[in-house]
Amino acid sequence: MALADVCGFKLGNEHSYFGPCAEGEMGMPTLKDALRMSESFTFPCGVNLQRDINTAFTSDDSKVKIQFDHGTTTLAFKFQHGVIVAVDSRATAGPSIESQTVKKVIEINPYLLGTMAGGAADCMYWERVLASQCRVYELRNKERISVAAASKLLANIVYDYKGMGLSMGTMIVGWDKKGPALYYVDSDGERLVGHMFSVGSGSVYAYGVLDSDYRWDLTQEEAYDLGRRAIYHATHRDAYSGGVVNLYHMKETGWEKISQTDTAELHYQYKAEKEKKGKK
Amino acid sequence: MSNRYDSAITVFSPDGHLFQVEYAQEAVKKGSTAVGVRGKNIVVLGVEKKAVAKLQEDRTVRKIALLDDHVALAFAGLTADARILINRARIECQSHRLSVEDPVTVEYITQYVAKLKQRYTQSNGMRPFGLSALIMGFDNDGTPRLYQTDPSGTYHEWKANTIGRSAKTVREFLEKHYTEELQANDDECIKLTLKGLLEVVQSGAKNMEVAVMRRDKPLQMMESDEIEKYITEIEKEREEEAEKKKQKK
């Protein structure tokens, strides 16, 4: 490493100074192996992250003033024609809206999608690591990785950092040999299989809408409408969700981005529909 | 600690040979014969059972090992080395099930065994594994597979193969008698395995161990009376062949 050389820094015994590293076939990656190092974090010795991190960031007399982005609404559900993924696009830092145009669906590869809820950086970073692991799997095994395996890879990776402050609630959506698949993975190491999930501060509102209108035999258009509607209602009531609704459809041939609709537009659209119904 | 073993045992010779690996292959040639035949719906493994001493318990010598519900391994060579490989392979099968939520394909576990063997041809202070393995089973999609690995760490897929003592003779026999029609008939596959073994082994069920795997069914070790039945059939067929030839004359 250039900086290390300039400062005259010498790594005596490369194994003892740093904490958990990803183990490769050739042994522990060293600092010089930048490609390997980017897929794992090294920690300085003597810091007990699991003990200190919670108090550092959440206690009232903490000196740390960074507030993490946690607000979002994301949802995904399986139905007869595949899986629908719908997300909002707002990023907040405390009471301030930082962005209304965040991409909360991460395109891992043409047949795998991941959603983002919790810490934006954590989700984006680890899902990109997942993408590279999936590609290596594909090359080694001459066949696409199954969604079960991909979600398990992610869950096992973040479990290594459990209690150290990662914040990630993601849904892994894909279509593999066993059909459409939907998994929920979070930074506590939880991994659940299911046919409907909603994650984020606005998920409570989205669940209400989803649960009342969801059926397995929805038509494609009905499913798109349901996804958009659920996100809209969440953005309407949850302060930390808003922006636009990004809608994706996972089909047998891979994912397709269906639409990007401004929630304000949806608001007036649904208002008009309600009034029409009322007049009848 | 590894500094003490700076000089690797497996090094290249001036003319490009890895002598330790070749010597390991010699060890394999001294081991008891193993035959594998792959059919359309069945895979068969047969091994030669060396005569046991009077006081020795018969069934404690097992040369066909189950790696997982759907994959089995037979070997020729050093039994102790095989035990290590089989243990590691069994763990890998379960580890794969845990991380990927799917059973291993036969190729995957063969690759794993081959990778392990290769590592020992390139490491300090370790000698290569002295065994070749025949790994057979069914993939998830129902395709039957038969692979062979050797001490150098290479592996190939085979329709029928043999390793160990007199492998060359038996392989020539298999090449002559393996046909596409035979593939589809389970009994014929079993008989071919037995016929292959009979080329090198004295006739008798007590000199062979045969394992059969059918799609979606567990590995089945054939009982000695079943083997005897097949052997009787084979001998009858051979007599009939000989009769026909006599008549033609």
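1. Contact is taken here to mean heavy atoms within 4.5 Å. Leaving aside neighbours within four places in sequence, A:Glu127 is in contact with A:Ile106, A:Ile108, A:Gly114, A:Thr115 and A:Thr170. This is a predicted model, in which local features need pLDDT of at least 70 and side-chain atom pairs count only at pLDDT 80 or more, while totals for chains, interfaces and linings use all residues. Residues are numbered from 1 along each chain as its sequence is written, chains are lettered from A in the order in which they are written, and side-chain values use heavy atoms, with hydrogens and water left out.

2. A:Glu127 has its place in helix α4 (residues 120–141) of chain A; helices are DSSP runs (H or I, at least four residues), numbered from the N terminus. The residue is buried yet has no salt bridge. Buried means under 20% relative accessible area, exposed over 50%, and partly exposed in between (1.4 Å probe, protein chains only). A salt bridge is a side-chain nitrogen of Lys or Arg within 4 Å of a carboxyl oxygen of Asp or Glu. For A:Glu127, the nearest side chain of opposite charge is that of A:Arg128, 9.7 Å away; Lys and Arg count as positive and Asp and Glu as negative, with His and the chain ends not counted.

3. Between the chains, ten residues of chain B are in contact with twelve residues of chain A. The area buried between them is about 790 Å², of which carbon and sulfur atoms give 33%; buried area is the accessible area (1.4 Å probe) that two parts lose on being put together, summed over both. B:Ser99, B:Val100 and B:Glu101 supply 49% of the area that chain B buries against chain A, more than any other three residues.

4. Four salt bridges run between chain B and chain A. A:Lys142 and B:Glu107 form a salt bridge through their side chains (3.6 Å, N to O). On the side of chain B that touches chain A, α3(B) gives the largest share, five residues.

5. Within chain A, the side chain of A:Arg229 meets that of A:Asp225 in a salt bridge (3.2 Å, N to O). These two are separated by about one helical turn because they are four residues apart in helix α7 (residues 220–237) of chain A. A:Arg229 also forms a salt bridge with A:Glu273, again with closest N and O atoms 3.2 Å apart. That pair links distant parts of the chain, since A:Glu273 is in helix α8 (residues 263–279) of chain A, 44 residues apart from A:Arg229.
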